[in-house]
Amino acid sequence: MEFMRTLQTLFGPAWPVVWTLVKIAAIVAPLLLVVAYLPLWERKVIGWMQVRIGPNRVTFFGIPWLGGLAQPIVDALKLLVKEIIIPGGANKALFLLAPVMVVMPAMAAWAVVPFSPELVLADVDAGLLYIMAITSVGVYGIIIAGWASNSKYAFLGALRSAAQMVSYELAMGFALVTVLMAAQSLNVGEIVRVQQGSFGLFNWFWIPLFPIFLVYFISGVAETNRAPFDVAEGESEIVAGFHVEYSGMAFAVFFLAEYANMILISTLASVMFLGGWLSPVPAAFADAIGLPWLADGNFGWLLVKLFVVVSSFLWFRATFPRYRYDQIMRLGWKVFLPLTIAWIVVLGAWMQTPLWVWWK
């Protein structure tokens, strides 16, 4: 605390700005590291599922047992030194702006995500509304990328991707409305605190909102254009989708945005439905086995939940074949959207009865 007061005195009136920048760096730097190594984990997991080895050659300083851990560094350097080729006839300004517009919402949404009771960048009352607003901006970057490339393949991929994202964004939005109703708050930290109780994981919203939890997670897979909803980049149909004309770091930013969105959606699913930083172990059980600290809520529990949900994305990719486009649209508009609207009505009626017990 003395060190903090010294810094506050040193920077004077600029201290709030400096401290905010430090907190932003503390969130973005680990996030970029995780995004870099998530593809390695994906390749290893799919390799295990398909009885392959996966990346195991590139290492640090020739240390054999670190084989594969340097693969993300090599991939990043490879993309960094590659030339960004802008097609003739493309809109240069929009072509370069599109990757930024895609990755920006995936980073900005973390401003209101609570990592623990005390650790949150901006504890605003309308945090859930902010998340819904900022994450909806990403679709514009994809549309601009397809249009600015001056390529029919890219434009077709952008249209398919935009239609898919808008369709499933509606279902995700209505899913978050049910969370808002259950928690009676737009504050993301308060949504976690409402799920706190003496029964551990049985106090979380995944029980009363279980169908909506599944809708939210599957919609998140579609929203990020991940398999089996990756028709926007179906190589056998439209080459590589909206980013077919991108290369070098411009392509890497799209790649970064996809995995950053995966982590964001997994974190939001953990916070909204799985208790966030709360422990799944009931306090009475933890005391009975002599490990009371197991019932303590902390950042570690959020990391465990995030890891499980993110790994489910990878499991989906290795398990399900790609759906047809009409099947994807039918699922979004004729199944998920009516289901979420119906559950809003059911939840509203349920909350008026004594059977509703998910209160703080």
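A charge is taken to sit over a ring if NZ of Lys or CZ of Arg is within 6 Å of the ring centre and within 35 degrees of the ring normal. The model is predicted: local features need pLDDT of at least 70 and side-chain atom pairs pLDDT 80 or more, while totals for chains, interfaces and linings use all residues. Residues are numbered from 1 along each chain as its sequence is written, and side-chain values use heavy atoms, without hydrogens and water.

**View A. Lys305 over the face of Trp204.** Lys305 lies at 3.9 Å from the ring centre of Trp204.

**View B. The stacked pair of Phe95 and Tyr246.** The structure holds 20 aromatic pairs (rings of Phe, Tyr and Trp, the last by its six-membered ring, with centres within 6.5 Å; planes under 30 degrees apart are stacked, over 60 edge-to-face, the rest tilted). In this pair the centres are 4.0 Å apart, with 0° between the planes. Phe95 belongs to helix H4 and Tyr246 to the loop between helix H10 (235-238) and H11, 151 residues apart (helices are DSSP runs of H or I, at least four residues, numbered from the N terminus). Phe95 counts as buried because its relative accessibility is 0%, and Tyr246 is buried at 6% (buried is under 20% relative accessible area, exposed over 50%, partly exposed in between, with a 1.4 Å probe and protein chains only).

**View C. The edge-to-face pair of Phe229 and Tyr323.** The ring centres of Phe229 and Tyr323 are 5.5 Å apart and the planes lie at 75°, so the pair is edge-to-face. Phe229 sits in the loop between helix H9 (210-223) and H10, and Tyr323 in the loop between H13 and helix H14 (325-350). Phe229 is buried, at 2%, whereas Tyr323 is partly exposed, at 29%.

**View D. A cluster of rings.** Ring pairs join Phe217, Phe313, Trp315, Phe316 and Phe320.

**View E. Helix H6, residues 138-148.** Gly138, Val139, Gly141, Ile142, Ala145, Gly146 and Ala148 of H6 are buried. Among the elements that cover these buried residues, by contact (heavy atoms within 4.5 Å), are helix H4 (92-108), helix H5 (127-135), helix H7 (152-183) and helix H11 (248-273). Just after H6, Asn150 takes a positive phi of about 60°.

Key. Helices (H or I, at least four residues) and strands (E, at least two) are DSSP runs, numbered from the N terminus.
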